[in-house]
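The following report describes a protein model, beginning with a single residue and then turning to a sheet and the overall fold.

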Amino acid sequence: MKNSRLTAFEIIYGVLNNDDYSNLSLDSAFDKNNSSDNAFISKLVLGVIERRLTLDYILKPYLNSRPKPKVRILLYMGVYQLYFMDKVPSNAAVNESVELAKTVGCGYYTKLINAVLHKVDSNRIDIEKIDDLSARYSCPESLIKMWQKHYGEDNTLKILGEINNIAPVYAVPNSLFVDEEELLYELMDEKAECEITSEVVKINSHINIKKSRAFKNGLFHIQDLSSFNCALALGAKEGETVIDVCSAPGGKAFTVAERMNNSGEVFALDLNNSRVELIKEGAERLGIDIIKAAVNDAGVYNPDLPKADRVLCDVPCSGFGIIRRKPEIRYKSLDDIKGLYGIQYNILKTSAEYLKRGGRLVYSTCTLNKNENERIAERFVNEDKRFKLTEMKTVFPSENGDGFFYAVMEKIDD
């Protein structure tokens, strides 16, 4: 798997040193290679990024100084294979790391890499017994402290217990054609291991979603359970007008349109044209024709849009609820995300202007940060007396979905 390790090295280097996105880099690599080793590459890449702080903790006793970026990544890859990839023999993890060092221009450091990895292999520690929560779960101390302050010690430990697990995959049945039991049958017929959870189907085995017969036939779309429940909270009915102001890639809009029995109008809007095209493609595959996908700036009022019965405002956020899907998110600086608060509030205020009297507005994020969640929603209803807050819900990743927040508001006056 020498070539696979080289591919993994290049992706990890890009993520850690050039701020590349792991998911996009992996997709690009897989499109080019179409390799049978893609699962190995994905696990190694995401695992190293995910467990970086744990790997630093393991390596620290054997290093006198912080190694150069390439050497550090080579060590990360070797240690990750030793600790977290049971199918890789220890000698292969060490020897392949040494050989890879020569390939990427770090031949001078092969003795160091060999010696350190052998020491790590000989002096294993129990990660679950590390006292330092940041090192045990590979999560920055600043983020842990914020969660402890916002959600308490018990909920924080539950969050930390999930962030390094594989995120669940849910298939939402296209209710225009099938219900959850019928979709379960279709997927099981394709040899997928599945189970019904709530009104969706949880896929427990690896399948190529895009090549699935049921997917091609428009019988489902992929959407996290938390996001699905947020779409249901909108309560859209047949014949109504709905505006989804930050819609791409369209999962909530699809769920809403299906629940409306493809009757009415759903304006699925996004700032980026290529992402709008994704919505259009998804709606066509699902046989939904009430979705009107278009480019629009959610922060600027658009007088050409109609007044709506329901408005969904799923704003850009820090993403701390989906860390297990995008591991590099955990390393965001809390200071750097403060600029989001004003953007989120402005989008919520702008979105509210599209709503009819008696209509429903849902504000949502896929993060766990009260500054982006409760405090935005509460500030809004305190400042705009036309609205009342009827529900706020925080979902933790231990509850079968991503970390998520939504607030439901009703417009009681013009």
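In which helix is Gly282 found? In this predicted model, Gly282 belongs to helix α14, which comprises residues 273-286. Gly282 has a relative accessible area of 11% and therefore counts as buried, the cut-off being under 20%. Thr367 lies 85 residues from Gly282 in sequence, and their C-alpha atoms are 25 Å apart in space.

**The four-stranded sheet**

Four strands form an open sheet in the order β2-β3-β1-β4, and their pairing is antiparallel. At the edges are β2 (194-197) and β4 (220-222), each of which pairs on one side only. From one strand to the next, the twist averages 35°. Four bridges connect β2 with strand β3 (residues 200-203) in the antiparallel sense, and Glu195 is placed opposite Lys202 in β3. Helix α10 (residues 180-189) lies across β1 (169-173), β2, β3 and β4, and runs at about 170° to β2.

**The protein as a whole**

The protein contains 16 helices and eleven strands. Its radius of gyration is 23 Å, which agrees with the value near 22 Å that a compact globule of 414 residues would have. Of contacts between residues at least 6 apart in sequence, 72% join residues at least 24 apart. Further overall values are tabulated below.

| Property | Value |
|---|---|
| C-alpha box along the principal axes | roughly 70 × 50 × 35 Å |
| Buried share of the 414 residues | 54% |

Methods. Residues are numbered from 1 along each chain as its sequence is written. This is a predicted model: local features need pLDDT of at least 70, side-chain atom pairs count only at pLDDT 80 or more; totals for chains, interfaces and linings use all residues. Side-chain values use heavy atoms; hydrogens and water are left out. Helices (H or I, at least four residues) and strands (E, at least two) are DSSP runs, numbered from the N terminus. Buried means under 20% relative accessible area, exposed over 50%, partly exposed in between (1.4 Å probe, protein chains only). Two strands pair if DSSP finds at least two bridges between them. Axes are lines fitted to C-alpha atoms, for helices over the stretch in contact, and angles run from 0 to 180 degrees between N-to-C directions. Contact means heavy atoms within 4.5 Å. The radius of gyration is taken over C-alpha atoms; the globule rule is 2.2 Å times the number of residues to the power 0.38.
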